[in-house]
There are 2 protein chains.
Amino acid sequence: MKKLILFLASACLPLVTNADEGMWTVDNFPSDVVADKYDVKIGDRWLEATRLATTRLENGCTGSFASEDGLVLTNNHCTWGCIRNLSSAEHNLSDEGFMAASRDEELQCPSQQISVLVDMDDVTGKIASATSGLPDAEANEARKAELTKLESACEAAADGKLRCEAVTLYNGGQYFLYKYKRFDDVRLVFAPELDIAAFGGDPDNFNFPRWSLDFSFLRVYENGKPATTPNFFKWREGGPSAGEPVFISGHPGSTDRSLTVSQLKLQRDVSIPLYLYRQSEFRGRLLAWQDTSDEAAREVQQRILGIENGIKVRRNQLKALQNDDMMAQKLADENALRETVMNDDQMNAAYGNAWDIIDGAMTSYRNMYEDYLFIENGAAFGGSLFTYARTIVRGTAEREKPNEERMRLYTDAALPQREQRLFAAQPVSKDYEILSLTFSLDKMREWLGPDSKYVHNILGNDSPSSLASRLVAESKLDDPETRKALWNGGVKAVEASNDPMIQLALRIDPDARALRKRYEDEVEAPRTRGEEMIADARFAVHGTDTYPDATFTLRVTYGSVKGWEEKGEMVDPFTRTSRLFERTTGERPFMLPASWIAARESLNPDTHFNFSATTDITGGNSGSPIVAADGTLVGLAFDGNIHSIAGDYWFDESTNRTVGVNTAIILEALDTVYGADHLVDELTVIK
Amino acid sequence: MKKLILFLASACLPLVTNADEGMWTVDNFPSDVVADKYDVKIGDRWLEATRLATTRLENGCTGSFASEDGLVLTNNHCTWGCIRNLSSAEHNLSDEGFMAASRDEELQCPSQQISVLVDMDDVTGKIASATSGLPDAEANEARKAELTKLESACEAAADGKLRCEAVTLYNGGQYFLYKYKRFDDVRLVFAPELDIAAFGGDPDNFNFPRWSLDFSFLRVYENGKPATTPNFFKWREGGPSAGEPVFISGHPGSTDRSLTVSQLKLQRDVSIPLYLYRQSEFRGRLLAWQDTSDEAAREVQQRILGIENGIKVRRNQLKALQNDDMMAQKLADENALRETVMNDDQMNAAYGNAWDIIDGAMTSYRNMYEDYLFIENGAAFGGSLFTYARTIVRGTAEREKPNEERMRLYTDAALPQREQRLFAAQPVSKDYEILSLTFSLDKMREWLGPDSKYVHNILGNDSPSSLASRLVAESKLDDPETRKALWNGGVKAVEASNDPMIQLALRIDPDARALRKRYEDEVEAPRTRGEEMIADARFAVHGTDTYPDATFTLRVTYGSVKGWEEKGEMVDPFTRTSRLFERTTGERPFMLPASWIAARESLNPDTHFNFSATTDITGGNSGSPIVAADGTLVGLAFDGNIHSIAGDYWFDESTNRTVGVNTAIILEALDTVYGADHLVDELTVIK
């Protein structure tokens, strides 16, 4: 009962209660609410220092500076891509772990970038002017063109020293330009073995109590030298106390708390089930394939964990959406706002048909969902090689257009990141490429049907596996130089290429672009317009003391170190080292690496290992600093408990918990297990 | 719009409209309705002849006699188990097809049984007396004891010549004893190659237009000789005409049209999603595993098709349950009946709380669903070896109890089938057993969690794969003689056995039986009681001119050969041979076997291949005879179109179609492709 009451009170986004709810933008943090509830003062200086010490990892994570020499703390799982790229059949850094004995030994991560938010401009008015009075589809194009123009002007104004990105907040209620300092040279400094970093594997993922040492260190470089980063967190040796207020600064990826009921139902009925069927099968294929060789196992060990994580998230999102009480409450909230709007002539004229517009967009989306997903969104084309091919085909064609007319992925502001990723020397396993492409082509045929014109265009008389095998075997796009030559050669070189993956990307491009156009005009345009209208209606009715849905932009959340009641029992917010050893079975994923078995007697069995807190976070916050009111780092966010997944749709303080690694165990492990004195010395540790 | 109106009219079971709806028991066939609609007379003699020419395959299919010498026509996919059991690394009968040149060459199918329904007794009153006035859990036990007693008495009265099975109709509104003549010696006579029998594979499954030659011939034997079967169908050479009324006699497995909304929601939210996640992953494991060797491919080729079929069914069932309009209509129907009951004091006293009772049962089921599924229902223990072990452990223990106190699976009436399956000499692939058991143990740990007491009891410090590998390697239960010795040795032999699979079955049995007891008392007992009450309420309000949900018992359905409107286009009810060849790609599942390629020029391109009809069928009807009003066989049911899957919950004549193989193509293929003159000669073909 308790849960339901809380839920009723907090389901509607703008009506924030006294719960520790909200992923707040730094310019709108509710310091007064926090002062009232926790008796601590979070001032502008605190917020600025925290912002400048927080980093965004461009692969979808967060990190924080740990020294003035560019040392970055993040999760181990945020560095898996880098670790795989740096591994080989001879050296599996994932199994072995990695420690650079000195800075010379730090290894550059291909394609990793790290950014720091240095400034923000509100451009809501400019976007409103650019789109005012236009029909939805034209407004949609004008909006994008204006954002592209603003980004380029912003970068020019900064002499190319900053990266400017357009940001949508409150589902279109506000538009900002966020300005980042971006580091393109990122190196791996330290990573523990996967067996301790992801101890418990998928069975323990999203569970708590928990014992995962999910951290790594990276370092950002400028001009070949460690960057100077004066804003960094000092670390507290003993971690946080029970009940202590804590704050998390980071880049939550996305939440869906403001969506309309028709948008939620599209997820419930269409997108999440399809995701789950596809990924469950792919998981099975990878699990069986990894037994075929050591190399296969190495290639997919972290990918499997990633897929399993996605499955657990979607499964529990679906469970939340299948909660009829929750859906009824969402509908009641929606109807309440609609009624308020309807009863005011002016508001009704401005916002009254917003929900119908979105419902129409969702109907259009349902009608084209599978075609769009597989053909334009790329679900038919698994693996890296096609992704390279499409980037080359699209990018060379788009580059010939004026900047403001290009797809947003290929504007002048976006091209440096595209190029960095395209040229990065990442190893490509052709066996994995075949597996992945076969699977995705197979699912395409299953979902679009063998008589689909797209399927005919792609497969012809081939089977998914025969086509995939041929394309992967013959393509040369695994070579960065080949990619670079095609990219630099432009449209002519691309059209002359006999690379079969390039040819496939070319052949499907007219179909794919037509689907994109239809999606933009019939789904994106009305949805965006409708969302802007609802956002404005919410501001008009409820005011602006609220937070926007997550958009992989910087947010600060607050809460306290606290357990919760699970099946009538209180869960202790702290786990301790002693139980880690008791939980070990000797078999993965409950197997400890040799380093930990050797160090067992030297470790303090009472050290706090992982902990839970009431802070409101989501995916993208991985690697976020957990900071005390005095500004010291006390932990590292790496997960939530199982209840936190419903947080995509609403926040329930009674059960939703962040799960973090305690600074206490990181420091003890560096010292006692890994002998990483040079790293501990680089930190500023407060007793 | 058309669809919705039809649906509104037909959603509530007892309100059968003029649609071709209903899986009717032979004693209650709506001959008058059929005469009105189709102007044909279906009399008692027709129904009796059809019943006696229809067979039940005890592996979950239907068949029909095709000659007086025990020849049985059924689907190819109903014989996959037999074909796999008769194949070896040297001879893959699935790929090669099979034709016995003479009766001497017909091959016995291990563990296949075929039955014919010869008589039915209504025992509703006896069950009502046995359970009257008892609390739910006691009534549940008394009901089962009475059914066991009645079955044994029935078999004794028939001198052991008939098999008597208790049957529940109208979800407890009626109880019957069905009496079967059962054939234990079933042999494979003819099977086409899988590539033509399942042409189009999973992509085409549940699709129409279609070109699958999904038939096989079996033969039943008695005392080592072909059985004499005077009731058989004559075949019509040219198949049915467009618009012609047709009838299907068979054993539909189960439908859910009478379920309450709380029961449907349990499927929607709990059982179907869990099924889909598990089976999608297993599908992926099998698809990757089949590439590891030819033997692996042979072992799983039909299993994969079976799994893919199950996935498609469940996925489309879920889609039907996610139809909010449909769910609202189900709720409205339920509320209308409840209101009628509530407004009548006598009915209210008798049936008023039936829905609350079922809702309570569903809540209990949700709370134990995963534990029950994995531990007692066996989802944790994939493969044959554990199934053998549990049958031996349970059966020997149950045999020591008085007949009426045993689990229903081990009553005197049930034991012959248990023993036939246990002793059957089916090949066991240890590699497949390891794969299957590893997967299921892995899913058990995933869903029950690593801290579950059941998981601890089963895995100890093992991982799923290490435990599965050891158990399968060391178990001797793949040897039928070992199984027989343990079974005959009884409890003592079982307890003394050092077979690790027997030991696992013994170790988990107390946990599993406790879960069964809880399920029986808290879920099954109240659900059965509530369903009986609702069935009686329906009879009282709507009368008895209706049909019960399917229960794998004999039903007759009616309809006509007809296409339907798909996306604005009318689908032709017939496909023809010419298009089969055009659809061929040379790659599975669109690859033709050599026999068909060689025969191409000799085949009539216009021969009717598959066809669609409005008859109301479901899984279990596979292999059912499609019969004309004159009693001749015109086709063989093997599938439905994609819309037929929603038929689990309601019948929509505008789109729901049976898909059948035309007798025309079967006869031409036997003659022209396979040179099976001896089989054609055995049939009685009407020009």
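## Buried area and the two domains

Buried area here is the accessible area, taken with a 1.4 Å probe, that two parts lose on being put together, summed over both. For domain 2 and domain 3 of chain A in this predicted model, that comes to about 790 Å², with 49% of it on carbon and sulfur atoms. On the domain 2 side, A:Thr148, A:Glu151 and A:Arg163 give up the most area to domain 3, together 43% of what that side buries.

As for where the domains sit in sequence, the assignment (automatic or from a database) puts domain 2 at 124–183 and domain 3 at 377–514 of chain A. Their C-alpha centres are 28 Å apart.

## Who touches whom

Counting heavy atoms within 4.5 Å as contact, 12 residues of domain 2 of chain A meet eight residues of domain 3 of chain A. The interface has one salt bridge, meaning a side-chain nitrogen of Lys or Arg within 4 Å of a carboxyl oxygen of Asp or Glu. A:Glu151 and A:Arg408 pair up in a salt bridge at 3.0 Å, N to O.

## What domain 2 brings

Helix H7 (136–157) and strand E7 (163–169) of chain A each supply at least two residues of the domain 2 side that touches domain 3; these are DSSP runs, with helices (H or I) of at least four residues and strands (E) of at least two, numbered from the N terminus. H7(A) makes the largest contribution to that side, eight residues.

## Ground rules

Residues are numbered from 1 along each chain as its sequence is written, and chains are lettered from A in the order in which they are written. Local features need pLDDT of at least 70, side-chain atom pairs count only at pLDDT 80 or more, totals for chains, interfaces and linings use all residues, and side-chain values use heavy atoms, leaving out hydrogens and water.
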